[in-house]
Every structure is written in C-alpha cells, then in structure tokens.
Amino acid sequence: TTGNMRFKGTIGSPKQLSQLVAMLGKLSDTCVVHMTPDTISFGVAASSNSGVHACAELSTHSLFLDYRIESRAENNRISFFVKIDNLSRALKSSSANANSKSLVKLTKKRGGAPTLTFEILLSDSAVQVQHDVPLRIVQDIEELHAYNEPVYGDSAPSLSVVLPQPDIRGLRNVLERMKGFSDYVLLTARDKPLDGAERTAMLQLQVERDNLVTIS
C-alpha cells in the first residue's frame with residue numbers, strides 16, 4: 001500500500017514474466033509499468049544505444065493466481081518507473097523453484113519510498129527470500145510520451161521499405177529476442193512526418209503467445 005494505491009498478487013507464471021523483463025533489459029535499463037485490473041503493460045523508450053521502442057501488454061489472468069489493485073487514477077491504474085535489473089533479479093528468484101509461491105505487493109519503505117516487495121515462499125508458507133524493488137510512481141503524464149505505444153492505422157497503403165545496414169542488424173537482434181515467445185511475428189510500418197521537412201519510417205513487430213501476450 002502506498003498513499004491511495006494498493007496492489008497485491010500471487011504470481012502464477014513467474015518464468016514467463018521473467019523472460020519478458022529480461023528481453024526488455026537488453027533494450028534499456030528502465031521501463032514504465034502500467035497495472036490495471038485486467039492488464040499489466042511495459043514500455044521501453046528508444047535509447048541512443050538500441051534505438052528500439054518496445055511495448056508489451058499481458059493479461060493479469062494469465063500471470064497471477066490472484067490479483068487485487070485499487071487506485072484513484074483513471075481505469076483503476078497504477079503506473080511507475082522501475083530499473084529493469086532490479087525487477088529481473090526478483091523475478092529470477094521467483095521462478096527458480098517450481099514449488100515456491102511468489103507474492104508481490106506495493107509497499108512503502110522507511111522514508112515513504114514506494115517499493116514492490118516480492119516474498120517467495122515454500123510449501124511451509126515461511127518467507128524464504130524477500131526482494132524489495134524500488135520504483136517511482138508516475139506523477140506527470142508528460143513523462144510517458146516517450147514510452148507510449150505507437151498508434152498504427154489499418155488503412156495505411158502498402159509500401160516498400162529499405163533499411164540501412166545498421167538498422168537491419170538492429171531488426172535482427174530484436175527478432176532474436178522475440179523468437180522465444182512465438183514462431184511467428186507480424187511486421188507493420190508507417191511513414192511519420194516530423195516537425196520539419198524530414199520524414200521517418202516506423203516499424204512495429206508484434207508476436208502473440210497463447211493469445212495472451214502481445215509484444216510490440
């Protein structure tokens with residue numbers, strides 16, 4: 001619990017979530033997380049290193065055995081920034097033992113700092129491992145512009161795309177990271193005018209796993 005926000009859940013698929021976060025960690029060191037009663041989504045802004053803008057959305061029912069969330073924000077949403085390495089370590093511990101039970105909740109540590117607390121339990125219900133993952137609650141919606149999922153229209157005309165050699169290598173790296181989720185990938189593109197005379201093409205890669213996970 002922190003302020004007017006409450007979240008608590010039991011992770012049913014820690015390995016699946018750990019793999020996703022590990023993939024995002026190859027693109028950036030920070031991501032934004034949006035949690036609602038029905039979905040949990042991740043966003044990574046394009047960095048100077050990778051140049052890849054990634055978004056992923058998952059059904060809470062596919063990840064959690066039980067899940068409770070309360071917030072005064074729109075759509076009962078909780079949004080926060082988190083260091084991917086910290087989140088990845090907690091999820092790796094959660095998925096290390098198939099017989100363990102992983103609880104995660106929003107807490108407030110000394111000084112009022114919001115934290116995601118992971119409690120990993122064995123069959124005797126005793127806490128064996130605890131991870132506290134610091135986070136920063138989103139206060140200003142302007143911060144989210146670089147992380148928002150791009151909007152793609154279905155009526156865009158077909159076109160040919162020519163990628164410079166460095167961009168082809170980047171595309172190949174992204175595909176390598178996505179192949180663990182599906183045998184198929186959907187590639188879409190759109191031409192986006194900038195403020196000046198320049199124009200830039202944007203590509204979207206999308207995979208689905210068991211109709212529950214969408215990664216863009």
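The largest nonpolar core of this predicted model holds 39 residues, and those with the most contacts inside it are Phe7, Met35, Phe42, Phe80 and Phe118. A nonpolar core here is a set of buried Ala, Val, Leu, Ile, Met, Phe, Trp, Tyr and Cys residues joined through side-chain atoms within 4.5 Å. Buried means under 20% relative accessible area, exposed means over 50%, and partly exposed covers what lies in between, using a 1.4 Å probe and protein chains only. Helix H1, residues 14-25, gives the most to this core, with five residues. A second, separate core is made of six residues, among them Val32, Ala45, Phe81 and Leu144. As general background, nonpolar side chains in soluble globular proteins tend to be buried together.

A few words on bookkeeping come next. Residues are numbered from 1 along each chain as its sequence is written, and side-chain values use heavy atoms, with hydrogens and water left out. Because the model is predicted, local features need pLDDT of at least 70 and side-chain atom pairs count only at pLDDT 80 or more, while totals for chains, interfaces and linings use all residues.

On the scale of the whole chain, there are four helices and twelve strands. Both kinds of element are DSSP runs numbered from the N terminus, with helices being H or I runs of at least four residues and strands being E runs of at least two. Buried residues make up 40% of the 216 residues in the chain. Contact means heavy atoms within 4.5 Å. Of the contacts in the chain with a separation of 6 or more, 59% come from residues 24 or more positions apart.

With a relative accessibility of 5%, Leu116 counts as buried. Not counting residues up to four places away in sequence, Leu116 touches Phe7, Phe80, Val104, Lys105, Leu106, His131, Asp132, Val133 and Leu135. The C-alpha atoms of Leu116 and Lys8 are separated by 9.5 Å, although the two residues are 108 apart along the chain.

Next up is a pair of helices. Two packed helices are described by the angle between their axes and the distance between the axes. The axes of H1 and helix H3 (residues 84-95) come within 9 Å and cross at roughly 155 degrees. Axes are lines fitted to C-alpha atoms, for helices over the stretch in contact, and angles run from 0 to 180 degrees between N-to-C directions. That crossing makes H1 roughly antiparallel to H3, since angles over 145 degrees count as roughly antiparallel, under 35 as roughly parallel, 65 to 115 as roughly perpendicular and the rest as oblique. From H1, the contact is made by Pro14, Lys15, Leu17, Ser18, Val21, Leu24 and Gly25, and from H3 by Ile84, Leu87, Ser88, Leu91, Lys92, Ser94 and Ser95. These residues divide into seven nonpolar, five polar and two charged; Ala, Val, Leu, Ile, Met, Phe, Trp, Tyr, Cys and Pro count as nonpolar, Asp, Glu, Lys and Arg as charged, and the others, Gly among them, as polar.

Leu91 of H3 is buried, at 1% relative accessibility. Not counting residues up to four places away in sequence, Leu91 touches Ile11, Pro14, Leu17, Ser18, Val21 and Phe118. Ala96 lies in the loop between H3 and strand S7 (101-108) and, at 65% relative accessibility, counts as exposed.

Finally, there is the loop between strand S5 (64-70) and strand S6 (78-83), where Asn75 is found. Asn76 has its place in the loop between S5 and S6 too. Most residues other than glycine have a negative phi. Phi of Asn75, however, is positive, near 60 degrees, and phi of Asn76 is positive as well, near 55 degrees. Are these residues buried or exposed? Asn75 is exposed, at 58% relative accessibility, while Asn76 is partly exposed, with a relative accessible area of 24%.
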